[in-house]
Amino acid sequence: MEISFIYSKDDPRQAKARNFVKQFIQDRGVLAKVIESEQPVKSPTLIINGQILTDSRQKPREKNPRMYPGIDEIARVLEEHIWSF
């Protein structure tokens, strides 16, 4: 499995998502090549085996909105890819 994660380390929500991905992989013993790219982005992008999970909003963020992709979405997509092999 190949996982690419583009995120901003300056955004605590993005850093939390990045840490979640790394811990998820480690906890399940998944054999994966993880490629991280730290960039000044407004929302993280997760690419798993070519499938992109990214921000799909058309309007700017409001005060304290939930991050997208959220932890639940990330976990769901990771689980799908783990079981598809």
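Visitor: Arg13: buried, partly exposed or exposed?
Guide: Arg13 is partly exposed, at 35% relative accessibility. The cut-offs are under 20% relative accessible area for buried, over 50% for exposed, and partly exposed in between (1.4 Å probe, protein chains only).

Visitor: And which side chain does Arg13 meet in a salt bridge?
Guide: That's Asp11, at 3.6 Å, N to O. Asp11 counts as buried, with 15% relative accessibility. By salt bridge I mean a side-chain nitrogen of Lys or Arg within 4 Å of a carboxyl oxygen of Asp or Glu.

Visitor: What sort of model is it, by the way?
Guide: A predicted one: local features need pLDDT of at least 70, side-chain atom pairs count only at pLDDT 80 or more, and totals for chains, interfaces and linings use all residues. Residues are numbered from 1 along each chain as its sequence is written, and side-chain values use heavy atoms, leaving out hydrogens and water.

Visitor: OK, how many salt bridges are there?
Guide: Five. One of them joins Lys22 and Glu36, with N to O at 3.1 Å. Lys22 sits in helix H1 (residues 12-28) and Glu36 in strand E2 (residues 33-38), so this pair ties together parts 14 residues apart in sequence. Helices (H or I, at least four residues) and strands (E, at least two) are DSSP runs, numbered from the N terminus.

Visitor: Which residues are linked with Lys22 and Glu36 in a network?
Guide: Arg18 is linked with them in a network of salt bridges.

Visitor: Switching topic, what does Glu80 pair with?
Guide: Arg76, with the closest N and O atoms 3.0 Å apart. Both lie in helix H2 (residues 71-83), and because they are four residues apart there, about one helical turn separates them.
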